[in-house]
Amino acid sequence: MLRRKPTRLELKLDDIEEFESIRKDLESRKKQREEVEAAAVGEEAAVAAAAAIALATDHKSREQIINDRIGYKPQPKAGGRTTHFGNFEF
C-alpha cells in the first residue's frame with residue numbers, strides 16, 4: 001500500500017451554511033414524522049383494543065393465528081412409530 005501525505009480539508013462559510021440548512025430541514029422532517037407517529041399511536045391503541053376483543057371471542061391458539069397470518073397450513077404427520085420402524089413391536 002502506498003503512503004501519501006494527508007490531504008488538508010478546508011471548511012468554508014458556504015459549507016457551514018449548507019450544513020445548517022440541511023440540518024434544519026432534517027429536524028423539521030423529524031418533527032413532522034413524530035407528530036404523524038403520535039397520531040398513529042392513538043389510532044393503533046384503538047385498533048389494538050378492537051383486536052383484543054376479536055381475539056377474546058376467537059379461541060385460536062397463538063400458533064394457529066401465526067400460521068393463518070403467514071399462510072402456512074401444516075399437514076398432519078402420517079402414522080406413528082410404525083412408519084419409522086416398520087411393523088416391529090418393542
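Visitor: In which segment is Leu11 found?

Guide: This is a predicted model, in which local features need pLDDT of at least 70, side-chain atom pairs count only at pLDDT 80 or more, and totals for chains, interfaces and linings use all residues. Residues are numbered from 1 along each chain as its sequence is written, and side-chain values use heavy atoms, with hydrogens and water left out. Helices (H or I, at least four residues) and strands (E, at least two) are DSSP runs, numbered from the N terminus. Helix H1 covers 13-57, and Leu11 is found in the segment before helix H1.

Visitor: Is Leu11 buried or exposed?

Guide: Buried means under 20% relative accessible area, exposed means over 50%, and partly exposed is in between (1.4 Å probe, protein chains only). Leu11 has a relative accessible area of 67%, so Leu11 is exposed.

Visitor: Which residues make the nonpolar surface patch of about 330 Å²?

Guide: Patches are made of residues with over 30% relative accessible area and no salt bridge; like charges are joined within 9 Å, and nonpolar side chains (Val, Leu, Ile, Met, Phe, Trp, Tyr) within 5 Å. Accessible areas come from the Shrake-Rupley method with a 1.4 Å probe, and for residues only the protein chains shown count as cover. The patch of about 330 Å² is made by Leu11, Leu13 and Ile16.

Visitor: Which residues are linked in a network of salt bridges?

Guide: A salt bridge is a side-chain nitrogen of Lys or Arg within 4 Å of a carboxyl oxygen of Asp or Glu. Arg23 forms one with Glu20, the closest N and O atoms being 2.5 Å apart, and another with Glu27 at 3.4 Å, N to O. Arg23 and Glu27 are about one helical turn apart because they are four residues apart in helix H1. The linked residues are Glu20, Arg23 and Glu27.

Visitor: How many salt bridges does the count come to?

Guide: Side chains of opposite charge can pair when their charged atoms come close. Besides the bridges of Arg23 with Glu20 and with Glu27, the side chains of Arg29 and Asp25 meet in a salt bridge of 3.4 Å, N to O. Arg29 and Asp25 both lie in helix H1, four residues apart. The count comes to three.

Visitor: What feature does UniProt place at residues 9-36?

Guide: UniProt positions are given in the numbering used here, feature names are shortened, and annotations may be inferred rather than shown by experiment. In the model, residues 9-36 are 86% helix and 0% strand, with end C-alpha atoms 40 Å apart. The unreviewed UniProt entry names the feature "coiled-coil region".

Visitor: What percentage of the residues of the chain count as buried?

Guide: The chain has three helices and zero strands, in the pattern α-α-α. The chain exposes about 9,400 Å², and carbon and sulfur atoms supply 57% of it. Of its 90 residues, the share that counts as buried is 1%.
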